[in-house]
Amino acid sequence: VQNGEQVTTTPRRRNQRATKLPGRQDWSSWPHYQAAAAGFRGYWYPVGYSSQFTGKPRQITLLGEKIVVIRDRGTVYALKDRCPHRGVPLSEGNQQFPGTISCPYHGWTFDLKTGNLAAAITDGPSSPICGKVTQPTYPAEERLGMVWIFVGDGEQPHPIDEQLPEELVGNAAVVGSRIQPREGNWRFACENGYDEGHAKYLHRTALWRLLKPMPVWNETRIIQRGRWIYRVQDKQYWTADFPGLGRWDNQAWFKLRPPKEVANIGNTISHRETNPVIAAQEFPGFASVSMPGVLRIVYPTFIHYEFYVPVDAGNHLYVGVMASFQRGWRALPFYAKYLGFVRWLFHGQFSGQDKWMVEVTDAPPEKLYRPDDSLLKWRKLAEDTCEERVERLAGQGITVALPEVD
Ligand code: FES
């Protein structure tokens, strides 16, 4: 009874489709993906800016493992951050001798390259323990002004340049980037980045859309090319086709909305020329994703990347990189724009909406709809790639067990 009147309601008819498709209760269709709460092993991950790693040991957490990172005479080294003697973090120690790191408790001193115990300071120069203890080490490299660390299962790491987006290897690029620790599982962050629907709805209030309008609706196919899967849009529907849905339906005043296609980037709109490095790649789609959780968004004159770095099951590192393939003075306008407003608009407000979503999301269970095909294809790519790795390592005599799922 409302306001003194009786209101009758008709029970809703049950949705037949929903009855047949109760939704996913877990991710068991992709067991490696489901088990990868703390990330995929066998990859390089960016862990911070090069300038953040000095001769002072610093602890990071990657795939749930505590790692000490230290720079010695220009080179960065990474070791397990737990002294094998009594468990004190080596990152609390310091460098007593070049090429080594010493534990702060009893002074066990490890060679940075090999991890071998080089000296036990408190037991004299001929301590018999020396040479009998080896601290696990991690391969470390520097690219894009960042330190990258490989976490594997004892295999020889593949060269980092085989894993970086192809266009970033061998081409000069100027980059603007943001590294931010964030709450939430890395898989949610990755799926959110590649999620077809969210850019049009979650980000409908992002100021970035003033500069880079997005379609309200695409007809999308997912294709794989090499190690990337692409969302290919054959047709696009813009906000003007759906008046009222976006906040800036008439963007003609800004002269940034002529949906003139750029041939080399499947569907990206622009009235400007495409950068030659980007054009040469012939990207079939605007958004693509690759292992171990790298998003690539191609604009005509720059590319935006997001690396979702697993810290542990509940936290990740957001590494956003915007790269412009310019040289010399031509790089200056990019820097000016990035520092002037893109860093705030895109790596700030726009990306902050993603941050919030990843913090509050909770899946599975989940009930999917058509645009989620992009997520299913990403999970399948991950699953297939993991199975290939397990087989490859088995051929090398390394057995990889699937982690337990909580
Ligand atoms: Fe590290 Fe004793 S705990 S030397």
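Reader: Is Trp27 buried or exposed?

Author: This is a predicted model, in which local features need pLDDT of at least 70 and side-chain atom pairs count only at pLDDT 80 or more, while totals for chains, interfaces and linings use all residues. Residues are numbered from 1 along each chain as its sequence is written, and side-chain values use heavy atoms, with hydrogens and water left out. Buried means under 20% relative accessible area, exposed over 50%, and partly exposed in between (1.4 Å probe, protein chains only). The relative accessible area of Trp27 is 2%, so the residue is buried.

Reader: How do the rings of Trp27 and Phe188 pair?

Author: Rings of Phe, Tyr and Trp (its six-membered ring) pair if their centres lie within 6.5 Å; planes under 30 degrees apart count as stacked, over 60 as edge-to-face and the rest as tilted. For Trp27 and Phe188 the centres are 6.0 Å apart and the planes stand at 75°, so the pair is edge-to-face.

Reader: How many residues apart are Trp27 and Phe188, and where do they lie?

Author: Helices (H or I, at least four residues) and strands (E, at least two) are DSSP runs, numbered from the N terminus. Trp27 is in the loop between α1 (16–20) and α2 (31–35), and Phe188 is in helix α4 (residues 186–194). The pair thus links distant parts of the chain, 161 residues apart.

Reader: Which residues do ring pairs link into a cluster with Trp27?

Author: By the ring rule, the count comes to twelve aromatic pairs. Ring pairs join Trp27 into a cluster with Tyr33, Phe40, Trp186, Phe188 and Trp378.

Reader: How many residues of α4 are buried?

Author: Phe188 is buried at a relative accessible area of 13%, and Cys190, also in helix α4, is buried at 1%. The buried residues of α4 also include Trp186, Arg187 and Glu191. Helix α4 is mostly covered, and its buried residues number nine of nine.

Reader: Which residues does Cys190 touch, not counting those up to four places away in sequence?

Author: Contact means heavy atoms within 4.5 Å. The C-alpha atoms of Cys190 and Ser290 are separated by 9.9 Å, although these residues are 100 residues apart along the chain. With residues up to four places away in sequence left out, Cys190 touches Val289, Gly293, Tyr308 and Trp378.

Reader: Which residues have the most contacts inside the largest nonpolar core?

Author: A nonpolar core is a set of buried Ala, Val, Leu, Ile, Met, Phe, Trp, Tyr and Cys residues joined through side-chain atoms within 4.5 Å. The largest such core has 77 residues. Those with the most contacts inside it are Phe40, Leu62, Ile149, Trp208 and Trp378.

Reader: Which residue in β10 is the bridge partner of Ala140?

Author: Two strands pair if DSSP finds at least two bridges between them. Three strands form an open antiparallel sheet in the order β1-β10-β9. Strands β1 (43–49) and β9 (140–143) stand at the edges with a single partner strand each, so one side of each is left without a neighbour in the sheet. Strand β9 pairs with β10 (residues 146–151) over four bridges, and the bridge partner of Ala140 is Ile149.

Reader: Which residue in the turn between β2 and β3 has a positive phi?

Author: Strands β2 (residues 58–62) and β3 (residues 65–72) pair in the antiparallel sense over five bridges, with Gln59 opposite Val68. The two strands form a hairpin with two residues between them. The residue with a positive phi, of about 50°, is Leu63.

Reader: Is Asp384 buried, partly exposed or exposed?

Author: Asp384 lies in helix α8 (residues 373–395). Its C-alpha atom is separated by 9.7 Å from that of Tyr33, 351 residues apart along the chain. At 30% relative accessibility, Asp384 counts as partly exposed.
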